[in-house]
Amino acid sequence: MARGSDPAVTRWRAARAARKQAYARLAEAEVDAGVREGLTRSVRLTLAVVAVLAVVLAGLAVWQAQERGNGYSDAELVDAATARVQVLLTADADNENRVRQILAGATGEFYDEFSRSVEAYSEFVREQGSDGRAWVDGAGLVGRSGDRGVVLVAAAVAVKADGSSGKIRRQLRLRVVVEPDDGRLKLSGVAFLP
């Protein structure tokens, strides 16, 4: 049996409609008797306009709050990640400022980890006489939370050590986290992927 053709449902709908009509008649009678004040048409129109304006203003406020929270675009997050990764992966035994450049572009957990291993990093690069260049082949934003972004980076590194005849080229994949610190986007996490 179809739902709408059930006699009990039909009676229930009719009773509900009768109840609505009874409430409306009671409200009209109370207004006519002076027990209740009725809303004039202009008051109802004003209330409707105020309600619509309140909804529109609330929507604008939410939109602006979201825009302010995301001060950096997706492209800016990816660009910052690729620039920081290139500095990180480029080895140059003759560049004494390399460690400072890496630390200047680091923050948070990555800064803490790298600053603890600065001596070992510098000594290794000096001992090997390493000279290398890094390229970022591609990068993409995979997630963000406000101004903090997670970027996957595909990079290549060509390194030549003292005494070797050619450069060794390696392909690397990294998962990096960038976030603002002192008004600049910096690396706060770096993980090499298999």
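**View A. Val178 stands opposite Leu187 in strand β4.** The model is predicted: local features require a pLDDT of at least 70 and side-chain atom pairs a pLDDT of 80 or more, while totals for chains, interfaces and linings take in all residues. Residues are numbered from 1 along each chain as its sequence is written, and side-chain values use heavy atoms, with hydrogens and water left out. Strand β3 covers residues 168–181 and is joined to β4 by 9 bridges, the two strands running antiparallel. Another position in this pairing is Pro180, whose bridge partner in β4 is Leu185. The hairpin of β3 and β4 has 2 residues between the strands, and Asp182 takes a positive phi near 55° there. Strands are DSSP runs of E with at least two residues, helices are runs of H or I with at least four, and both are numbered from the N terminus. Two strands count as paired if DSSP finds at least two bridges between them.

**View B. The open sheet has 4 strands, in the order β1-β2-β3-β4.** The pairing is antiparallel. Its edge strands are β1 (131–145) and β4 (184–193), each of which pairs on one side only. From one strand to the next, the twist averages 30°. Helix α3, residues 74–89, lies across β1, β2 (148–160), β3 and β4. This helix runs at about 150° to β1. Axes are lines fitted to C-alpha atoms, for helices over the stretch in contact, and angles between N-to-C directions run from 0 to 180 degrees. Contact means heavy atoms within 4.5 Å.

**View C. A salt bridge links the side chains of Glu179 and Arg148, at 3.0 Å from N to O.** Glu179 belongs to strand β3 and Arg148 to strand β2, so this pair ties together parts that are 31 residues apart in sequence. Both residues are partly exposed: the relative accessible area is 23% for Glu179 and 41% for Arg148. Here buried means under 20% relative accessible area, exposed means over 50%, and partly exposed lies in between, with a 1.4 Å probe and protein chains only. A salt bridge is a side-chain nitrogen of Lys or Arg within 4 Å of a carboxyl oxygen of Asp or Glu. By this rule the count comes to 4 salt bridges.

**View D. Arg144 and Asp147 meet through their side chains in a salt bridge of 3.8 Å, N to O.** Arg144 is partly exposed at 30% relative accessible area, whereas Asp147 counts as buried at 19%. In a further salt bridge, the side chains of Lys186 and Asp181 meet at 3.5 Å, N to O. Lys186 is buried, with a relative accessible area of 8%, and Asp181 counts as partly exposed at 25%.

**View E. Val52, Val56, Leu57, Leu60 and Trp63 form a nonpolar surface patch.** Together these residues have about 500 Å² of accessible area. One of them, Val56, is found in helix α2, which spans residues 41–69. Val56 counts as partly exposed, at 44% relative accessibility. Patches are made of residues with over 30% relative accessible area and no salt bridge; like charges are joined within 9 Å, and nonpolar side chains (Val, Leu, Ile, Met, Phe, Trp, Tyr) within 5 Å. Accessible areas come from the Shrake-Rupley method with a 1.4 Å probe, and for residues only the protein chains shown count as cover.

**View F. Arg98 is found in helix α4, residues 98–104.** At 11% relative accessibility, Arg98 counts as buried. Leaving aside residues up to four places away in sequence, Arg98 touches Val87, Thr90, Asp92 and Tyr121.

**View G. The whole protein has 6 helices and 4 strands.** Along the sequence these elements follow the pattern α-α-α-α-α-α-β-β-β-β. The protein has 194 residues, of which 25% count as buried. Among contacts between residues at least 6 apart in sequence, 51% join residues at least 24 apart. The accessible surface comes to about 13,200 Å², and 55% of this area belongs to carbon and sulfur atoms.
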